[in-house]
Amino acid sequence: MRILDRLLGRPRLSSREIAKERLQLVLTYDRTELSPSLLEALKGELIDATSKYVDIDKGEVKVTLAREGRRSRVVADIPLLSSQAGSSG
Amino acid sequence: MGKVITITSGKGGVGKTTATASLGVALAMQGRKVVVVDTDIGLRNLDMIMGLENRVVYNLVDVAEGSCPLSKALVRDKHVSGLYLLPAAQTRYKEDITPEDLVRICDELRKEFDFILIDSPAGIEQGFRNALAPADEVLVITTPEVASVRDADRVIGLVETADKGPIRLLINRLDPARVRHGEMLGQEDVIEVLAVELMGIIPEDEEVLICANKGVSVALNGGTPAGLAYQNIARRFLGESVPFTTLGKMPGLLERLIRLIQFAS
């Protein structure tokens, strides 16, 4: 089956790789009290809070959990809307 | 003073009891005085795996309740000298002993033994709490399966929260060929996911079941892949640095034959 996929040029992960990816994702959430829905709520509040101070691109905000060894961290990526003062071009 | 090592996994059926018995045998073969303690009250199995089921008279709960002195409850192993079993009670419940009972009993055992290996019940409830309480070290067992690794991670988190450790990992039933074929998580995958120190890898080995059937430990026979792996772990516990066998690299035929002959003689 995997040979067929390769012949047809379909990249396919082995079940070993799938298992590892699934574990990494589920454990990231297991280790914190944050469920995906709570993370979504946090994202909403971060958008509200940040918007009070600066104009942001609300559609592009990303709030994710990252792992480092056995520790996890919340990573928020909040792009600012280019204002006249900040814009270079 | 003896060292208390709690062997736990979260998920059931990954090989805690077999690992406890085998590690006990392997450490005793190195000349250490070892006691294995079955804390799976109500689901007693360590006696069965060790072939000692007919010798059990008193148990851990009797000792905890003070109805029997500790020395009277210890069962001497049939195969290795210096190895003893403190059996669980079969007709009682996890709640019949407390973490304090186990700490007290282990403190007494420390005076007499070099290693006290505690076979924890599956789960993260009272039985696990009991088994964890006296631990100086924790050996977490997982198989290379998603459910087992997830549960191991949960247990590692709970051990960390309880401020117990060091925590080390034993990967059980790894099949090097399936790892190579991309059908099973490899040792690197499991370690990367769980981010704990590796203590040993037990390869999948038909001998383990055969030995369990007979009530003889696989660790007695260094000619078997699993037996050799347990002997290596025992040496690591004694501070030796023994390299981990790489994927698929088993001892050569000649080497295994020599070990088999040594074992038979």
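# Reading a two-chain predicted model

Tutor: Start with the inventory. Chain A has three helices and two strands. Along the sequence, they follow the pattern α-α-α-β-β. Keep in mind that this is a predicted model.

Student: Then confidence comes next. What is the mean pLDDT of chain A?

Tutor: The mean for chain A is 84, and 80% of its residues reach 70 or more. Then look at the elements. Within chain A, confidence is lowest in helix α1 (residues 2–7), with a mean of 62. It is highest in helix α3 (residues 36–51) of chain A, at 93.

Student: What share of chain A counts as buried?

Tutor: Of its 89 residues, 4% do. Contacts give another view. Take those in chain A with a separation of 6 or more: residues 24 or more positions apart account for 43% of them.

Student: On to chain B. In what order do the strands of its open sheet lie?

Tutor: Eight strands form the sheet, in the order β3-β4-β2-β5-β1-β6-β7-β8 (chain B). The pairing is mixed. The edge strands are β3 (75–76) and β8 of chain B, and each pairs on one side only.

Student: What packs on that sheet?

Tutor: Helix α1 (residues 16–29) of chain B does. The strands of chain B touched by this helix are β1 (3–8), β2 (34–38), β4, β5 (115–119), β6 (137–142) and β7. The direction of the helix makes about 170° with that of β5(B).

Student: Is strand β8 of chain B mostly covered or mostly uncovered?

Tutor: Mostly covered. Five of the seven residues in β8(B) (residues 197–203) are buried.

Student: How do I read burial along a helix?

Tutor: An α-helix has 3.6 residues a turn, so residues three or four places apart point the same way. Now try helix α9 (residues 187–194) of chain B. Its buried residues are Gln187(B), Asp189(B), Val190(B), Val193(B) and Leu194(B). They cover an arc of only 165° around the axis, so they sit on the same side of α9(B).

Student: What covers the buried residues of α9(B)?

Tutor: The cover includes α2 (15–30) of chain A, together with β6, α7 (146–161), β7 and β8 of chain B. After α9(B) comes Ala195(B), with a positive phi near 55°.

Student: Last, a single residue. Why does Ile49(B) count as buried?

Tutor: Count neighbours. The cut-off is 20 or more other C-beta atoms within 10 Å. Ile49(B) has 23 inside that distance, so it counts as buried. Its place is in helix α2 (residues 46–49) of chain B. Leaving out residues up to four places away in sequence, Ile49(B) touches Thr17(B), Thr18(B), Ala21(B), Ala212(B) and Gly215(B). Ile49(B) and Leu209(B) are 160 residues apart in sequence, yet 9.8 Å apart in space, C-alpha to C-alpha.

Methods. Residues are numbered from 1 along each chain as its sequence is written. Chains are lettered from A and ligands numbered from 1 in the order in which they are written. This is a predicted model: local features need pLDDT of at least 70, side-chain atom pairs count only at pLDDT 80 or more; totals for chains, interfaces and linings use all residues. pLDDT is the predictor's confidence in each residue, from 0 to 100. Helices (H or I, at least four residues) and strands (E, at least two) are DSSP runs, numbered from the N terminus. A residue is buried if 20 or more other C-beta atoms lie within 10 Å of its own, exposed if 12 or fewer, and partly exposed in between; C-beta atoms are placed from the backbone. Two residues are in contact if their C-beta atoms, placed from the backbone, lie within 7 Å. Two strands pair if DSSP finds at least two bridges between them. Axes are lines fitted to C-alpha atoms, for helices over the stretch in contact, and angles run from 0 to 180 degrees between N-to-C directions. The arc is that of the directions from the helix axis to the C-beta atoms.
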